[in-house]
Amino acid sequence: MRIILTALALLSSLAFGGEWVVTEGGLSPDKKLAVAVFPQKTEFIDEADDTVLLIDQTTGRRIGPLEEVSSSGGTWGTTTENVHCVWSADSAILIVNFRTGRLMSSSQIYRIRDRRATPLSLPAATTHPKGKNLEVLQRSANPGSEITFAQDGTLLQRVWGYVPDWNLDYSKHGLSGFEGELHFHYSFDQSGELQLRDITVPAP
């Protein structure tokens, strides 16, 4: 009986999942959820469905769209290449990194609970003492960011496209070697809120 049920579940997954594909890194560690996109039907990405879905992998059915993200790539790339994901080891936190232009990208963090994805906002850079020195920075024409998990389980956001003010000595503010890219380090506090713990420059 168990074999029959397993076979039926697999067939159901294939039937419901045929119209979308799981993104790079989209399958959760517990194999219960996945992030998926719709492949393009033509070579023109602006004609494609740019919806990014949260999928129940146990049934093969869609849960709903992740409305804060898109696979359109700002009309660049392809829907199946413009989105890649990172999950926490316990499948409770999902990071969706997605292309927003030719050389631009962005990120969205979700808390996963009861098969639902709740978008989380990052605290402003000014919540950290080093961040107050970044308010006057301009951005290049192709800014972007990408979020991953550091080895210690904290969140690391790479942000590039800053234009440094070369009249300022950033080493006085703990940002020696700053040339346009910064790393923002976040962790969850006891109440589950994201806190900005540090701002650093990339290692040489």
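**Rings, cores and charges**

Q: Does Tyr-162 count as buried or exposed?
A: Tyr-162 counts as buried because its relative accessibility is 14%. Buried means under 20% relative accessible area, exposed means over 50%, and partly exposed lies in between, with a 1.4 Å probe and protein chains only.

Q: What kind of model is this, and how are residues numbered?
A: This is a predicted model, in which local features need pLDDT of at least 70 and side-chain atom pairs count only at pLDDT 80 or more, while totals for chains, interfaces and linings use all residues. Residues are numbered from 1 along each chain as its sequence is written, and side-chain values use heavy atoms, with hydrogens and water left out.

Q: How many aromatic pairs are there?
A: The structure has two aromatic pairs. Rings of Phe, Tyr and Trp (its six-membered ring) pair if their centres lie within 6.5 Å; planes under 30 degrees apart are stacked, over 60 edge-to-face, and the rest tilted. The ring centres of Tyr-162 and Phe-178 are 6.3 Å apart and the planes stand at 65°, so this pair is edge-to-face.

Q: Where in the chain are those two?
A: Tyr-162 belongs to strand β10 (residues 155–163), and Phe-178 to the loop between β10 and β11 (181–188), 16 residues apart. Helices (H or I, at least four residues) and strands (E, at least two) are DSSP runs, numbered from the N terminus.

Q: And Phe-178: buried or exposed?
A: Phe-178 is buried, since its relative accessible area is 4%. Phe-178 also forms an edge-to-face pair with Tyr-170, at 4.9 Å centre to centre and 80° between the planes.

Q: What sits over the ring of Tyr-162?
A: The charged end of Arg-139 does, 4.3 Å from the ring centre. The criterion is NZ of Lys or CZ of Arg within 6 Å of the ring centre and within 35 degrees of the ring normal.

Q: New topic. Which residues have the most contacts inside the largest nonpolar core?
A: They are Ile-109, Leu-175, Phe-178, Leu-182 and Phe-184, in a core of 20 residues. Such a core is a set of buried Ala, Val, Leu, Ile, Met, Phe, Trp, Tyr and Cys residues joined through side-chain atoms within 4.5 Å. At least two residues of this core come from each of β6 (93–99), β10, β11 and β12 (194–200).

Q: What does Leu-182 touch?
A: Leaving out residues up to four places away in sequence, its contacts (heavy atoms within 4.5 Å) include Tyr-162, Leu-175 and Ile-199.

Q: How many salt bridges does the structure hold?
A: There are five, each a side-chain nitrogen of Lys or Arg within 4 Å of a carboxyl oxygen of Asp or Glu. One of them joins Lys-130 and Asp-198, at 3.0 Å from N to O. Lys-130 is in the loop between β8 (116–120) and β9, and Asp-198 in strand β12, 68 residues apart.

Q: Which residues are linked in a network of salt bridges?
A: The network links Glu-146, Arg-158 and Glu-181. Arg-158 meets Glu-146 at 3.5 Å, N to O. With Glu-181, the closest N and O atoms of Arg-158 are 3.1 Å apart. Arg-158 is in strand β10 and Glu-181 in strand β11, so this bridge ties together parts 23 residues apart in sequence.
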